[in-house]
Amino acid sequence: MDDALAFSALVLALSGQLVQEIHAGVSEQGFEDLRPAHGFAFVRISLGGATTAALAEHLGVTKQAAAQLVEELVRKGYVVRHPHPHDARARLLELTEAGWAATRAADQAARAAVAPWREALGEARFSELVADLTRLTPPGPIRPAW
């Protein structure tokens, strides 16, 4: 296998493993009713000013799909809707305390998931790898692989 194909396969494998481990860590911390897609939504909502349309754009899905996801998160108690101050048709989305707790659980799970990589590479090489990937990563949202 040439380097380009190896790189593609390795990055995809690590990405999939990371999503699975973060999800497992979040579930182990008591958030069994969440799916990985919810975490991607929490990222956008946590930044503030999120509407369903903004969430749809962030996730790369239709407004209808985003509305269904928001409805599910509201029903589960992770998100609340507030009137938008400048658009009567839109609602601002906000994480509830449960949503913030799930976000903190995901952060903790992400740190735990990469800890073995950091240990295997050593602090210096791990930092170099993060810097290298930062240079290669495109700007914009991190989206789930639907």
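Lys76 is partly exposed, at a relative accessibility of 30%, where partly exposed denotes the range between buried (under 20% relative accessible area) and exposed (over 50%), computed with a 1.4 Å probe on protein chains only. The structure is a predicted model, in which local features require a pLDDT of at least 70 and side-chain atom pairs are counted only at pLDDT 80 or more, whereas totals for chains, interfaces and linings use all residues. Residues are numbered from 1 along each chain as its sequence is written, and side-chain values rest on heavy atoms, with hydrogens and water left out.

The side chain of Lys76 forms a salt bridge with that of Glu72, at 3.0 Å from N to O; the term is applied to a side-chain nitrogen of Lys or Arg within 4 Å of a carboxyl oxygen of Asp or Glu. By this rule, nine salt bridges are counted. Glu72 also meets Arg35 in a salt bridge, with an N to O distance of 2.9 Å. Because Arg35 lies in the loop between helix H1 (3-28) and helix H2 (36-46), while Glu72 belongs to helix H4 (residues 63-75), this pair ties together parts that are 37 residues apart in sequence. Helices are taken here as DSSP runs (H or I, at least four residues), numbered from the N terminus. With regard to accessibility, Glu72 is buried, at 13%, whereas Arg35 is partly exposed, with a relative accessible area of 39%.

A network of salt bridges links Arg125, Glu128, Asp132 and Arg135. Within this group, the side chains of Asp132 and Arg125 meet at 3.8 Å, N to O. Asp132 is partly exposed, with a relative accessible area of 28%, and Arg125 is likewise classed as partly exposed, at 35%.

The axes of helix H5 (residues 97-121) and helix H6 (residues 123-136) come within 6 Å and cross at roughly 120°, the axes being lines fitted to C-alpha atoms over the stretch in contact and the angles running from 0 to 180 degrees between N-to-C directions. In this contact (heavy atoms within 4.5 Å), Val114, Trp117, Arg118 and Leu121 of H5 meet Glu123, Arg125, Phe126 and Leu129 of H6. The residues of the contact comprise five nonpolar, no polar and three charged, where Ala, Val, Leu, Ile, Met, Phe, Trp, Tyr, Cys and Pro count as nonpolar, Asp, Glu, Lys and Arg as charged, and the others, Gly among them, as polar.

Terms used:
Helix = DSSP H or I, 4+ residues; strand = E, 2+ residues; numbered from the N terminus.
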